[in-house]
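Colleague: I would like to learn how to read the features of a structure, one at a time. Please take me through the one shown here.

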Amino acid sequence: MEKKKCPQCKNLILKTSPTCLYCGRPNKFITNEYVNKKWNKDDNKNVIDYIFINKYLVFILFLIFTIVIIIFS
């Protein structure tokens, strides 16, 4: 079995163990997805803002296009 060092107590533990046998620290793999889900709560808010900005741009462009068509018709 593969082992890794515990970040807290620096003892070797199995990668499959749920906690460190020496200090009790949970054995979670820290990934970018885990960090973003845990700490970046406003990440979804930025995606929603981006979608709304694109919708407004499309609406404004459509409005300008229809005005130009009406004027030159």
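This is a predicted model: local features need pLDDT of at least 70, side-chain atom pairs count only at pLDDT 80 or more; totals for chains, interfaces and linings use all residues.

Colleague: How many helices and strands does the protein chain have?

Modeller: Helices (H or I, at least four residues) and strands (E, at least two) are DSSP runs, numbered from the N terminus. The protein chain has 2 helices and 2 strands, and the pattern along the sequence is β-β-α-α. Strand S1 covers residues 3-5, strand S2 covers 12-14 and helix H1 covers 32-39, while helix H2 takes in residues 43-72.

Colleague: What share of the residues of the protein chain counts as buried?

Modeller: Buried means under 20% relative accessible area, exposed means over 50%, and partly exposed lies in between, with a 1.4 Å probe and protein chains only. Of the 73 residues in the protein chain, 8% are buried. Accessible areas come from the Shrake-Rupley method with a 1.4 Å probe, and for residues only the protein chains shown count as cover. The protein chain exposes about 6800 Å², of which carbon and sulfur atoms supply 65%.

Colleague: How should I read contacts across the sequence?

Modeller: Contact means heavy atoms within 4.5 Å. Among contacts between residues at least 6 apart in sequence, 5% join residues at least 24 apart.

Colleague: Which residues does Ile13 touch, not counting residues up to four places away in sequence?

Modeller: Ile13 lies in strand S2 and counts as buried because its relative accessibility is 6%. With that exclusion, Ile13 touches Glu2, Lys3, Lys4, Cys6, Cys20, Leu21, Tyr22 and Asn27. Its C-alpha atom is 9.9 Å from that of Met1, a residue 12 positions apart from Ile13 along the chain.

Colleague: Is Cys20 buried or exposed?

Modeller: Cys20 counts as buried, since its relative accessibility is 3%. Cys20 sits in the loop between S2 and H1. Leaving aside neighbours within four places in sequence, Cys20 is in contact with Cys6, Cys9, Ile13 and Arg25. Between Cys20 and Pro7 there are 9.7 Å, C-alpha to C-alpha, and the two are 13 residues apart in sequence.

Colleague: How many disulfides are there?

Modeller: A disulfide is a pair of cysteine sulfur atoms within 2.5 Å. By this rule the count is 0. Cys9 is in no disulfide, and its nearest cysteine sulfur, that of Cys20, lies 3.6 Å away. Cys23 is likewise in no disulfide, and the nearest cysteine sulfur to Cys23 is that of Cys20, 3.6 Å away. Cys9 is partly exposed at 26% relative accessibility, and Cys23 is partly exposed at 33%.

Colleague: What does the side chain of Ser17 reach?

Modeller: A polar contact is a pair of N or O atoms within 3.5 Å; within protein, one must be able to donate a hydrogen and the other to accept it, and residues adjacent in sequence count only if both atoms are side-chain atoms. The side chain of Ser17 reaches the backbone oxygen of Leu14 at 2.9 Å and the backbone oxygen of Thr19 at 3.4 Å. Ser17 is in the loop between S2 and H1 and is buried, at 15% relative accessibility.

Colleague: How many salt bridges does the structure hold?

Modeller: A salt bridge is a side-chain nitrogen of Lys or Arg within 4 Å of a carboxyl oxygen of Asp or Glu. The structure holds 1 salt bridge. Glu2 forms it with Lys15, and the closest N and O atoms are 3.1 Å apart. This pair links distant parts of the chain, with Glu2 in the segment before S1 and Lys15 in the loop between S2 and H1, 13 residues apart. Glu2 is exposed at 55% relative accessible area, whereas Lys15 is partly exposed at 31%.

Colleague: Which residues form the nonpolar patch on the surface?

Modeller: Patches are made of residues with over 30% relative accessible area and no salt bridge; like charges are joined within 9 Å, and nonpolar side chains (Val, Leu, Ile, Met, Phe, Trp, Tyr) within 5 Å. The nonpolar patch consists of Tyr56, Phe59, Ile60, Leu63, Ile64, Ile67, Val68, Ile71 and Phe72, with about 970 Å² of accessible area together. Tyr56 is in helix H2 and is exposed, with a relative accessible area of 57%.

Methods: Residues are numbered from 1 along each chain as its sequence is written. Side-chain values use heavy atoms; hydrogens and water are left out.
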